[in-house]
Amino acid sequence: SIPWLLVCLILIWISTSYVHLLTLFLLFGILLYLFSMALVTLFKERGIKKFLNKYTVTSLLGVLVAIGMWIFLPKLREMTRYFLSYTPPWAAGPSSAQRKLRLFEFLISPDRFPFAAFFFLGGVQVITRRNKLGWILLWGFIAPLFLLTFIFTHRVPTYLFYVYPFFLMIAAFSFVNLLESETSIMAKDSFLRHKLIKGGLLSLFFLIFILSPWFRITLHIPFFGDGVTNMAVTPDEWKEATRIVRKRVKDGDLIISSLPQVALYYKVHSDYGLNWSNLKQAKEKEFKNKDGRWVDVYAGVKCIESLNELKSLLKTYPRGWLLVTKYHLEHVIITPPEVRKFIEENLGKPYKTKRGTVLIYHWNNLS
(Lines give C-alpha, C1' and ligand atoms only; values in the text may rest on other atoms or scores of the structure.)
Protein backbone atom coordinates (compact mmCIF):
# COMPACT_ATOMS: atom_id res chain seq x y z
CA SER A 1 0.00 0.00 0.00
CA ILE A 2 1.63 3.23 -1.20
CA PRO A 3 -0.21 5.44 1.38
CA TRP A 4 0.89 3.19 4.26
CA LEU A 5 4.42 3.10 2.86
CA LEU A 6 4.49 6.91 2.89
CA VAL A 7 3.18 6.95 6.48
CA CYS A 8 5.91 4.47 7.38
CA LEU A 9 8.62 6.67 5.78
CA ILE A 10 7.35 9.75 7.64
CA LEU A 11 7.41 7.86 10.95
CA ILE A 12 10.94 6.60 10.23
CA TRP A 13 12.04 10.16 9.45
CA ILE A 14 10.54 11.42 12.74
CA SER A 15 12.10 8.56 14.68
CA THR A 16 15.51 9.04 13.03
CA SER A 17 15.46 12.78 13.73
CA TYR A 18 14.03 12.82 17.26
CA VAL A 19 14.40 9.32 18.78
CA HIS A 20 17.43 7.43 17.49
CA LEU A 21 19.53 7.45 14.32
CA LEU A 22 19.60 3.65 14.20
CA THR A 23 15.96 3.70 13.07
CA LEU A 24 17.54 3.80 9.59
CA PHE A 25 18.11 0.06 10.07
CA LEU A 26 14.38 -0.42 9.61
CA LEU A 27 14.45 1.44 6.29
CA PHE A 28 17.12 -0.92 4.99
CA GLY A 29 14.98 -3.88 6.12
CA ILE A 30 11.94 -2.51 4.26
CA LEU A 31 14.01 -2.11 1.07
CA LEU A 32 15.20 -5.71 1.33
CA TYR A 33 11.60 -6.84 1.77
CA LEU A 34 10.55 -4.92 -1.35
CA PHE A 35 13.44 -6.43 -3.34
CA SER A 36 12.50 -9.94 -2.25
CA MET A 37 8.83 -9.39 -3.18
CA ALA A 38 9.92 -7.93 -6.54
CA LEU A 39 11.96 -11.07 -7.25
CA VAL A 40 9.03 -13.31 -6.30
CA THR A 41 6.74 -11.31 -8.61
CA LEU A 42 9.21 -11.61 -11.49
CA PHE A 43 9.01 -15.38 -11.22
CA LYS A 44 5.20 -15.48 -10.84
CA GLU A 45 4.01 -12.91 -13.39
CA ARG A 46 4.37 -12.86 -17.16
CA GLY A 47 4.88 -10.13 -19.73
CA ILE A 48 5.07 -6.47 -18.82
CA LYS A 49 3.52 -7.18 -15.41
CA LYS A 50 6.85 -8.70 -14.49
CA PHE A 51 8.41 -5.26 -14.41
CA LEU A 52 5.52 -2.88 -13.79
CA ASN A 53 4.43 -4.06 -10.35
CA LYS A 54 4.38 -2.02 -7.16
CA TYR A 55 7.32 -3.89 -5.61
CA THR A 56 9.66 -3.43 -8.56
CA VAL A 57 8.69 0.22 -9.08
CA THR A 58 9.02 1.07 -5.38
CA SER A 59 12.35 -0.77 -5.12
CA LEU A 60 13.80 1.08 -8.11
CA LEU A 61 12.46 4.38 -6.79
CA GLY A 62 14.09 3.68 -3.41
CA VAL A 63 17.43 2.94 -5.07
CA LEU A 64 17.23 6.10 -7.22
CA VAL A 65 16.37 8.26 -4.18
CA ALA A 66 19.29 6.75 -2.23
CA ILE A 67 21.70 7.38 -5.12
CA GLY A 68 20.39 10.93 -5.53
CA MET A 69 20.83 11.68 -1.81
CA TRP A 70 24.35 10.27 -1.92
CA ILE A 71 25.29 12.46 -4.91
CA PHE A 72 23.50 15.72 -4.09
CA LEU A 73 23.69 15.78 -0.27
CA PRO A 74 27.41 15.94 0.57
CA LYS A 75 26.77 16.48 4.30
CA LEU A 76 24.72 13.30 4.46
CA ARG A 77 27.40 11.48 2.49
CA GLU A 78 30.14 12.60 4.86
CA MET A 79 28.04 11.78 7.92
CA THR A 80 27.39 8.27 6.54
CA ARG A 81 31.08 7.72 5.87
CA TYR A 82 31.92 8.94 9.36
CA PHE A 83 29.49 6.59 11.12
CA LEU A 84 30.50 3.61 8.99
CA SER A 85 34.20 4.12 9.70
CA TYR A 86 33.98 5.37 13.30
CA THR A 87 35.37 3.14 16.04
CA PRO A 88 35.00 4.43 19.63
CA PRO A 89 38.05 4.04 21.92
CA TRP A 90 36.48 1.25 23.98
CA ALA A 91 35.90 -0.90 20.85
CA ALA A 92 39.40 -0.49 19.41
CA GLY A 93 42.24 -2.98 19.64
CA PRO A 94 41.75 -6.59 20.74
CA SER A 95 38.15 -5.99 21.80
CA SER A 96 35.34 -8.54 21.46
CA ALA A 97 33.52 -5.79 19.51
CA GLN A 98 35.95 -6.45 16.64
CA ARG A 99 34.90 -10.07 16.14
CA LYS A 100 32.76 -10.54 13.02
CA LEU A 101 30.57 -13.19 14.65
CA ARG A 102 30.11 -11.23 17.89
CA LEU A 103 26.36 -10.68 17.44
CA PHE A 104 25.70 -14.18 16.14
CA GLU A 105 27.47 -15.59 19.20
CA PHE A 106 25.31 -13.33 21.35
CA LEU A 107 22.12 -14.71 19.79
CA ILE A 108 23.05 -18.37 20.24
CA SER A 109 24.69 -18.00 23.66
CA PRO A 110 23.40 -20.37 26.40
CA ASP A 111 21.21 -17.60 27.89
CA ARG A 112 19.35 -17.08 24.62
CA PHE A 113 19.63 -20.50 23.00
CA PRO A 114 15.93 -21.47 23.49
CA PHE A 115 14.91 -18.21 21.81
CA ALA A 116 17.45 -18.76 19.02
CA ALA A 117 16.14 -22.28 18.38
CA PHE A 118 12.56 -21.01 18.11
CA PHE A 119 13.77 -18.09 15.95
CA PHE A 120 15.47 -20.34 13.38
CA LEU A 121 12.46 -22.65 13.36
CA GLY A 122 10.17 -19.60 12.93
CA GLY A 123 12.33 -18.37 10.05
CA VAL A 124 11.92 -21.69 8.26
CA GLN A 125 8.15 -21.57 8.87
CA VAL A 126 7.94 -18.00 7.51
CA ILE A 127 9.63 -19.14 4.28
CA THR A 128 7.73 -22.41 3.83
CA ARG A 129 4.34 -20.86 4.70
CA ARG A 130 5.05 -17.67 2.69
CA ASN A 131 3.90 -15.51 5.58
CA LYS A 132 4.05 -11.87 4.41
CA LEU A 133 4.16 -10.28 7.88
CA GLY A 134 6.79 -12.81 8.87
CA TRP A 135 8.96 -11.80 5.89
CA ILE A 136 8.78 -8.14 6.93
CA LEU A 137 9.89 -9.02 10.47
CA LEU A 138 12.59 -11.36 9.19
CA TRP A 139 14.13 -8.74 6.91
CA GLY A 140 13.71 -6.11 9.65
CA PHE A 141 15.94 -8.22 11.87
CA ILE A 142 18.38 -9.63 9.30
CA ALA A 143 19.18 -6.20 7.77
CA PRO A 144 20.74 -4.59 10.89
CA LEU A 145 22.38 -7.90 11.84
CA PHE A 146 24.08 -7.93 8.42
CA LEU A 147 25.07 -4.24 8.60
CA LEU A 148 26.50 -4.51 12.11
CA THR A 149 28.35 -7.72 11.31
CA PHE A 150 29.91 -6.84 7.95
CA ILE A 151 29.69 -3.06 7.40
CA PHE A 152 30.19 -1.24 10.72
CA THR A 153 33.59 -1.28 12.39
CA HIS A 154 32.40 -2.64 15.75
CA ARG A 155 29.63 -4.87 17.04
CA VAL A 156 27.77 -4.36 20.31
CA PRO A 157 24.75 -6.48 21.37
CA THR A 158 23.08 -3.32 22.67
CA TYR A 159 22.61 -2.07 19.10
CA LEU A 160 20.77 -5.26 18.21
CA PHE A 161 18.16 -4.62 20.89
CA TYR A 162 16.60 -1.94 18.69
CA VAL A 163 15.25 -4.74 16.49
CA TYR A 164 15.30 -7.53 19.06
CA PRO A 165 11.46 -7.52 19.29
CA PHE A 166 11.43 -8.82 15.69
CA PHE A 167 13.63 -11.70 16.83
CA LEU A 168 11.18 -12.50 19.64
CA MET A 169 8.12 -12.23 17.37
CA ILE A 170 9.51 -14.75 14.89
CA ALA A 171 10.44 -17.05 17.79
CA ALA A 172 6.87 -16.64 19.10
CA PHE A 173 5.52 -17.45 15.62
CA SER A 174 7.12 -20.90 15.69
CA PHE A 175 6.05 -21.43 19.31
CA VAL A 176 2.42 -20.62 18.50
CA ASN A 177 2.53 -22.93 15.48
CA LEU A 178 3.84 -25.69 17.73
CA LEU A 179 1.00 -25.15 20.20
CA GLU A 180 -1.54 -25.20 17.35
CA SER A 181 -0.13 -28.50 16.18
CA GLU A 182 -0.43 -29.98 19.68
CA THR A 183 -3.96 -28.59 20.00
CA SER A 184 -5.00 -30.44 16.84
CA ILE A 185 -3.57 -33.65 18.32
CA MET A 186 -5.55 -33.03 21.53
CA ALA A 187 -8.74 -32.65 19.49
CA LYS A 188 -8.26 -36.15 18.03
CA ASP A 189 -7.41 -37.88 21.31
CA SER A 190 -10.40 -38.91 23.44
CA PHE A 191 -8.42 -38.68 26.69
CA LEU A 192 -6.71 -35.34 26.01
CA ARG A 193 -9.96 -33.91 24.66
CA HIS A 194 -11.37 -33.88 28.19
CA LYS A 195 -11.84 -30.29 29.43
CA LEU A 196 -10.13 -30.89 32.77
CA ILE A 197 -7.05 -32.39 31.13
CA LYS A 198 -6.79 -29.55 28.60
CA GLY A 199 -7.40 -26.95 31.30
CA GLY A 200 -4.76 -28.56 33.51
CA LEU A 201 -2.13 -28.51 30.75
CA LEU A 202 -2.84 -24.86 29.91
CA SER A 203 -2.79 -23.89 33.60
CA LEU A 204 0.56 -25.62 34.05
CA PHE A 205 2.02 -23.74 31.09
CA PHE A 206 0.79 -20.32 32.29
CA LEU A 207 1.91 -21.06 35.86
CA ILE A 208 5.47 -21.67 34.63
CA PHE A 209 5.27 -18.46 32.59
CA ILE A 210 4.00 -16.38 35.52
CA LEU A 211 6.64 -17.78 37.90
CA SER A 212 9.39 -16.80 35.46
CA PRO A 213 11.63 -14.04 36.88
CA TRP A 214 11.73 -12.37 33.45
CA PHE A 215 7.96 -11.93 33.56
CA ARG A 216 8.21 -10.11 36.90
CA ILE A 217 11.11 -7.97 35.69
CA THR A 218 9.19 -7.02 32.54
CA LEU A 219 6.24 -5.85 34.65
CA HIS A 220 8.53 -3.60 36.71
CA ILE A 221 10.49 -2.00 33.84
CA PRO A 222 7.89 0.73 33.02
CA PHE A 223 7.95 1.84 36.67
CA PHE A 224 11.73 2.09 37.14
CA GLY A 225 12.61 5.66 38.07
CA ASP A 226 15.36 7.43 36.18
CA GLY A 227 18.68 7.03 37.90
CA VAL A 228 17.86 3.97 39.99
CA THR A 229 19.38 1.64 37.38
CA ASN A 230 22.52 3.64 36.58
CA MET A 231 20.63 5.17 33.64
CA ALA A 232 20.53 1.82 31.83
CA VAL A 233 16.75 1.82 31.39
CA THR A 234 15.28 5.30 31.10
CA PRO A 235 17.60 8.27 30.38
CA ASP A 236 14.75 10.73 29.75
CA GLU A 237 15.76 12.83 32.75
CA TRP A 238 19.09 13.54 31.05
CA LYS A 239 17.18 14.83 28.06
CA GLU A 240 15.45 17.32 30.34
CA ALA A 241 18.72 18.22 32.11
CA THR A 242 20.57 18.98 28.89
CA ARG A 243 17.63 21.08 27.68
CA ILE A 244 17.96 23.20 30.84
CA VAL A 245 21.68 23.71 30.16
CA ARG A 246 21.28 24.45 26.44
CA LYS A 247 18.82 27.25 27.22
CA ARG A 248 21.19 28.95 29.70
CA VAL A 249 24.73 28.12 28.61
CA LYS A 250 27.00 30.89 27.28
CA ASP A 251 30.18 30.83 25.21
CA GLY A 252 33.17 30.01 27.39
CA ASP A 253 31.17 28.14 30.04
CA LEU A 254 32.79 25.00 31.41
CA ILE A 255 30.63 21.87 31.29
CA ILE A 256 31.27 18.84 33.50
CA SER A 257 29.03 15.77 33.65
CA SER A 258 28.94 12.37 35.32
CA LEU A 259 27.73 10.70 32.12
CA PRO A 260 29.33 12.64 29.26
CA GLN A 261 28.23 10.08 26.64
CA VAL A 262 24.54 10.54 27.53
CA ALA A 263 24.92 14.33 27.68
CA LEU A 264 26.58 14.24 24.26
CA TYR A 265 23.71 12.21 22.82
CA TYR A 266 21.35 15.00 23.91
CA LYS A 267 23.60 17.65 22.29
CA VAL A 268 25.62 18.89 25.27
CA HIS A 269 29.36 18.43 24.85
CA SER A 270 31.15 17.98 28.19
CA ASP A 271 34.65 19.35 28.70
CA TYR A 272 35.33 16.96 31.57
CA GLY A 273 33.82 13.82 33.07
CA LEU A 274 33.26 13.56 36.83
CA ASN A 275 33.02 9.82 37.37
CA TRP A 276 35.63 7.88 39.33
CA SER A 277 34.25 4.58 38.04
CA ASN A 278 34.89 5.69 34.45
CA LEU A 279 38.32 6.98 35.54
CA LYS A 280 39.19 3.54 36.93
CA GLN A 281 37.98 1.91 33.71
CA ALA A 282 40.09 4.29 31.62
CA LYS A 283 43.19 3.36 33.65
CA GLU A 284 42.46 -0.35 33.35
CA LYS A 285 42.08 -0.11 29.57
CA GLU A 286 44.91 2.43 29.17
CA PHE A 287 42.79 5.08 27.44
CA LYS A 288 44.72 8.35 27.20
CA ASN A 289 44.60 11.33 24.88
CA LYS A 290 47.63 12.78 23.06
CA ASP A 291 48.46 14.89 26.15
CA GLY A 292 48.64 11.79 28.34
CA ARG A 293 45.36 12.51 30.16
CA TRP A 294 42.98 9.72 31.11
CA VAL A 295 39.84 10.00 29.00
CA ASP A 296 36.32 8.65 29.42
CA VAL A 297 36.07 5.28 27.63
CA TYR A 298 32.69 6.05 26.07
CA ALA A 299 32.82 9.77 25.25
CA GLY A 300 36.55 10.42 24.95
CA VAL A 301 36.50 13.51 27.24
CA LYS A 302 39.11 14.13 29.95
CA CYS A 303 38.44 12.64 33.37
CA ILE A 304 38.71 14.77 36.50
CA GLU A 305 41.21 12.87 38.65
CA SER A 306 41.10 14.60 42.03
CA LEU A 307 39.23 17.08 44.21
CA ASN A 308 42.07 19.57 43.79
CA GLU A 309 41.69 19.44 40.01
CA LEU A 310 37.95 20.08 40.35
CA LYS A 311 38.64 23.10 42.61
CA SER A 312 41.22 24.40 40.14
CA LEU A 313 38.79 24.16 37.23
CA LEU A 314 36.08 26.04 39.13
CA LYS A 315 38.55 28.85 39.87
CA THR A 316 39.86 28.95 36.30
CA TYR A 317 36.43 29.17 34.69
CA PRO A 318 34.22 31.97 36.09
CA ARG A 319 31.04 30.28 34.82
CA GLY A 320 30.12 26.67 34.35
CA TRP A 321 27.74 23.76 34.71
CA LEU A 322 27.89 20.41 36.45
CA LEU A 323 25.38 17.76 35.40
CA VAL A 324 25.41 14.81 37.77
CA THR A 325 23.01 11.96 38.35
CA LYS A 326 21.83 11.74 41.94
CA TYR A 327 22.63 8.01 41.72
CA HIS A 328 26.24 8.85 40.85
CA LEU A 329 26.56 11.56 43.48
CA GLU A 330 25.43 9.22 46.26
CA HIS A 331 27.69 6.26 45.35
CA VAL A 332 31.21 6.51 46.76
CA ILE A 333 32.65 4.33 43.98
CA ILE A 334 31.59 6.96 41.44
CA THR A 335 31.87 10.15 43.53
CA PRO A 336 34.23 10.12 46.57
CA PRO A 337 32.64 11.55 49.79
CA GLU A 338 34.99 14.56 49.90
CA VAL A 339 34.06 15.49 46.29
CA ARG A 340 30.35 15.19 47.04
CA LYS A 341 30.76 17.32 50.18
CA PHE A 342 32.60 20.04 48.24
CA ILE A 343 29.93 20.12 45.53
CA GLU A 344 27.02 20.35 47.97
CA GLU A 345 28.70 23.01 50.15
CA ASN A 346 30.08 25.26 47.42
CA LEU A 347 27.85 25.07 44.36
CA GLY A 348 24.59 26.02 46.02
CA LYS A 349 21.15 24.64 45.32
CA PRO A 350 20.99 22.78 41.99
CA TYR A 351 18.34 22.78 39.30
CA LYS A 352 16.49 19.47 39.37
CA THR A 353 14.78 17.45 36.68
CA LYS A 354 11.13 16.48 37.06
CA ARG A 355 11.84 13.39 39.16
CA GLY A 356 14.92 14.91 40.76
CA THR A 357 17.27 12.22 39.52
CA VAL A 358 19.64 14.52 37.58
CA LEU A 359 21.06 17.58 39.34
CA ILE A 360 22.33 20.63 37.43
CA TYR A 361 24.76 22.75 39.46
CA HIS A 362 25.76 26.18 38.17
CA TRP A 363 28.48 28.54 39.33
CA ASN A 364 29.12 32.14 38.38
CA ASN A 365 32.28 33.93 39.60
CA LEU A 366 32.84 31.35 42.34
CA SER A 367 35.26 32.75 44.88
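The exercises below, each with a worked solution, concern helix packing, a sheet and a salt bridge in a predicted model.

Residues are numbered from 1 along each chain as its sequence is written, and side-chain values use heavy atoms, with hydrogens and water left out. Because the model is predicted, local features need pLDDT of at least 70 and side-chain atom pairs count only at pLDDT 80 or more, while totals for chains, interfaces and linings use all residues.

**Exercise 1.** Determine how helices α7 and α9 cross, and which residues meet.

Solution. Helices (H or I, at least four residues) and strands (E, at least two) are DSSP runs, numbered from the N terminus. Axes are lines fitted to C-alpha atoms, for helices over the stretch in contact, and angles run from 0 to 180 degrees between N-to-C directions. The axes of α7 (residues 132-151) and α9 (residues 164-188) come within 8 Å and cross at roughly 140°. Angles under 35 degrees count as roughly parallel, over 145 as roughly antiparallel, 65 to 115 as roughly perpendicular and the rest as oblique, and α7 and α9 are therefore oblique to each other. The crossing of α7 past α9 is left-handed, a term used if the near helix is turned anticlockwise from the far one by less than a right angle. Taking contact as heavy atoms within 4.5 Å, Gly-134, Leu-137, Leu-138, Gly-140 and Phe-141 in α7 meet Tyr-164, Phe-166, Phe-167, Met-169 and Ile-170 in α9. Eight residues of this contact are nonpolar, two are polar and none is charged, where Ala, Val, Leu, Ile, Met, Phe, Trp, Tyr, Cys and Pro count as nonpolar, Asp, Glu, Lys and Arg as charged, and the others, Gly among them, as polar.

**Exercise 2.** Describe the geometry and the contact of α3 with α4.

Solution. The axes of α3 (residues 54-72) and α4 (residues 74-85) come within 5 Å and cross at roughly 95°, and the two helices are therefore roughly perpendicular to each other. On the α3 side the contact is made by Met-69, Trp-70, Ile-71 and Phe-72, and on the α4 side by Pro-74, Leu-76, Arg-77, Thr-80 and Arg-81. Sorted by class, this contact has six nonpolar, one polar and two charged residues.

**Exercise 3.** Locate the salt bridge between Arg-319 and Asp-253 in the chain.

Solution. A salt bridge is a side-chain nitrogen of Lys or Arg within 4 Å of a carboxyl oxygen of Asp or Glu, and the whole structure has six. In the bridge between the side chains of Arg-319 and Asp-253, the N to O distance is 3.1 Å. Arg-319 lies in strand β4 and Asp-253 in the loop between α12 and β1, 66 residues apart, and the pair thus links distant parts of the chain.
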